[in-house]
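Subject: Handing over a structure

Dear colleague,

I am passing on the structure below, and after it you will find a short account of what was found there. Please keep the sequence and the 3D view open while you read.

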Amino acid sequence: MNIRIECTYRTAKGTEAFFRSEEMPAAKGVIIAEDLERTGRSKNLVFIDNYDSSWTMKEMKGYLKGVETEPHNVTVYFDGGYDRETQKSGLGCAIYYEMNGKSYRLRQNAAVAELLSNNEAEYAALYMGIQELEQLNVHHLPVRFIGDSKVVINQMSGEWPTLEKDLMRWADRIDQKLKDLGIQPEYELVPRKANAEADRLATQALNGTEISGTIELIPEK
């Protein structure tokens, strides 16, 4: 979660001014806020999240302590493929996250028959990834969503308008789900080569191979 610090600063001679910081990760904000409090000159210090909710120091520390036991530092790779001949789609997502001081990777794919285009399959793959986040109990965190679809990434980030009704419905569903989970999305467009894992999962789904599982990632020595 990213936050801003707001406080009133009082000089030694009693002059006061209101200050608001730039946006920063919550853990960094707590370190800076603790330093401000040690001066003895800051008053009414609070943290403001992306939804303009106010947090006290005690609440923010409790949140950060809880986060360590829940998935955080989450990145979602997604990809969708569409076969015009069979009119079937393959969806794939790979989710990387940390929890309890360890790193994990979740992989999931699915074959679906009700989609009408490759762009719709890409949107469906993104939505599937968000559903997996919900199952992991990921909430009120920034999450990176990485894909090679210019349409999906640029439309979801607001760079391009969403004009097609079918895609607009997907975009609305995704925005609502993210809002419900309190997830702050960060969309990143990458070349297909950099999205090879999700692409492979989508292709395997089209070929009838189901993939579903989570493993711990062991650091190389």
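With which residue does Arg169 form a salt bridge, and how far apart are the closest N and O atoms? The partner is Asp166, and the closest N and O atoms are 2.3 Å apart, where a salt bridge is taken to be a side-chain nitrogen of Lys or Arg within 4 Å of a carboxyl oxygen of Asp or Glu. Because Arg169 and Asp166 are 3 residues apart in helix H5 (residues 165-181), about one helical turn separates them; helices (H or I, at least four residues) are DSSP runs, numbered from the N terminus. Asp166 counts as partly exposed at 31% relative accessibility, given that buried means under 20% relative accessible area, exposed over 50%, and partly exposed in between (1.4 Å probe, protein chains only).

Before going further, please note that this is a predicted model, in which local features need pLDDT of at least 70 and side-chain atom pairs count only at pLDDT 80 or more, while totals for chains, interfaces and linings use all residues. Residues are numbered from 1 along each chain as its sequence is written, and side-chain values use heavy atoms, with hydrogens and water left out.

Helix H5 also holds Lys177, which is buried, with a relative accessible area of 17%. Apart from its neighbours within four places in sequence, Lys177 is in contact (heavy atoms within 4.5 Å) with Tyr127, Ile130 and Glu134.

Turning back to the salt bridges, the count comes to 11. One of them joins the side chains of Arg10 and Glu16 at 2.9 Å, N to O; Arg10 is partly exposed at 38% relative accessible area, and Glu16 is likewise partly exposed, at 40%. Arg10 and Glu16 are linked with Lys43 in a network of salt bridges. Another salt bridge is formed by Asp199 with Arg192, with 3.0 Å between the closest N and O atoms, and Asp199 is partly exposed at 23%.

Finally, there is 1 cavity of 30 Å³ or more, a cavity being a set of points on a 1 Å grid over the protein atoms alone where a 1.4 Å probe fits but cannot get out. The lining residues, which have an atom within 4 Å of a point, are Met1, Asp49, Asn50, Tyr51, His140, Gly182 and Gln184.

With best wishes

Note on methods: 1 Å grid on protein atoms, 1.4 Å probe; cavity = no way out; pocket = protein on both sides within 12 Å on 5 of 7 lines; lining within 4 Å. Points joined across faces, edges and corners; volume = space filled by probe spheres on them. Helix = DSSP H or I, 4+ residues; strand = E, 2+ residues; numbered from the N terminus.
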